[in-house]
Amino acid sequence: MSYRKTFKLLSGFAGGSAVLVFAAAAAATTADDGGDDDDSRGYLGERRGETNSRWSRLTVLRAAQPAWTPASHTPAPTGHTWDFNWDKRDPSALSNGKKKDSPTTEDPSSEQDNGKPKATRNILLIRHSQYNLSGNNDRERILTPLGREQAELTGQRLAALGLKYDVLIHSSMARATETANIISKHLSGVELLSCDLLREGAPIEPVPPVTHWKPDAVQYHEDGARIEAAFRRYIHRADPKQKEDSYEIIVCHANVIRYFVCRALQFPPEGWLRMGLNNGSITWLTIRPSGRVALRTLGDAGFMPPDKLTRT
């Protein structure tokens, strides 16, 4: 095998670091092929008589290269597989081998195909804008002047995307309601709905724990069930009757959005607090008819000037 082919083979297995090892081996072979003393120095500068020293140095070079194995370049699988029936709407699971009450001449496979979702759902989760943190109750925690600017920018961004939005749903809390109302001015004709399930809360105890935020256990118990109910209501594949792809906007809160993302991607939900979201940011989930879920954006706020960015 020529040196050039050997070089390519080594480079393919070990990357650019193989060049050094190959060059040293090539130099050793060249030194043994003959020639006068002035031209018989190897890559490391030794003469032909320094064979033991040369190979000891080459051993050091080899030791510096980690052994190539798939495990050294690819994380070991966790053993968790994707659950295609995560939303309990997989057609094959819904049929469950049940027989129809009345006889039919239809092909069973055709019937199952008719029950399969065909459209993709796009869910744009918007975090509310900056609000008055010093308010004593929800009614007083309204948007700040900067928060209203942020909501305008978010509305402009959603309008600029040129998507055909089906509905705009928002949390019933004041800061989310006000944010949604401002956004809706930029999306004429889009239905506006309020939902108590989307209110802010403590979805599940975070791992690792934090010291600056420690809700009581009862809050996790109550809020967690409500936020999980919101997830099941809004995050799922399309109904089989839906013919076209849909685009839905949900204006709510950071804790709710982060929990939704973890649950939808089948990540450990306890990791929700490891993500940060700017006020007025856009998180985009796509749910395919097969049940596959993709996160297109997480907390996108690049459409805002730097001096308008906050995370309160």
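Trainee: Is P268 buried or exposed?
Mentor: This is a predicted model. P268 sits in the loop that links α10 to β5. Exposed means over 50% relative accessible area. P268 comes out at 54%, so P268 counts as exposed.

Trainee: How far apart in space are P268 and V207?
Mentor: In sequence, 61 residues separate P268 and V207. In space, taken C-alpha to C-alpha, the distance is 9.4 Å.

Trainee: Which residue just after α10 takes a positive phi?
Mentor: Helix α10 covers residues 254-264. Look just past its end for a phi of about 60 degrees. The residue is Q266.

Trainee: How many residues of α10 are buried?
Mentor: Buried means under 20% relative accessible area. Among those that pass in α10 are A254, R258, F260 and A264. The helix has 11 residues and is mostly covered. The buried count is 10.

Trainee: What covers the buried residues of α10?
Mentor: One helix to include is α9, residues 217-234. Strands contribute too. Among the covering elements are β1 (121-127), β4 (246-252), β5 (282-287) and β6 (293-300).

Trainee: Is D223 buried or exposed?
Mentor: D223 belongs to helix α9. The cut-off for buried is under 20%. D223 has a relative accessible area of 13%, so D223 is buried.

Trainee: Which residues is D223 in contact with, leaving aside its neighbours within four places in sequence?
Mentor: Start from helix α9, where D223 is found. Set aside the neighbours within four places in sequence. The contacts are then G201 and A202.

Definitions and conventions:
Residues numbered from 1 in each chain as written. Predicted model: local features only at pLDDT ≥ 70, side-chain atom pairs only at ≥ 80, totals over all residues. Heavy atoms only, no water. Buried < 20%, exposed > 50% of the residue type's maximum accessible area, 1.4 Å probe, protein only. Helix = DSSP H or I, 4+ residues; strand = E, 2+ residues; numbered from the N terminus. Contact = heavy atoms within 4.5 Å.
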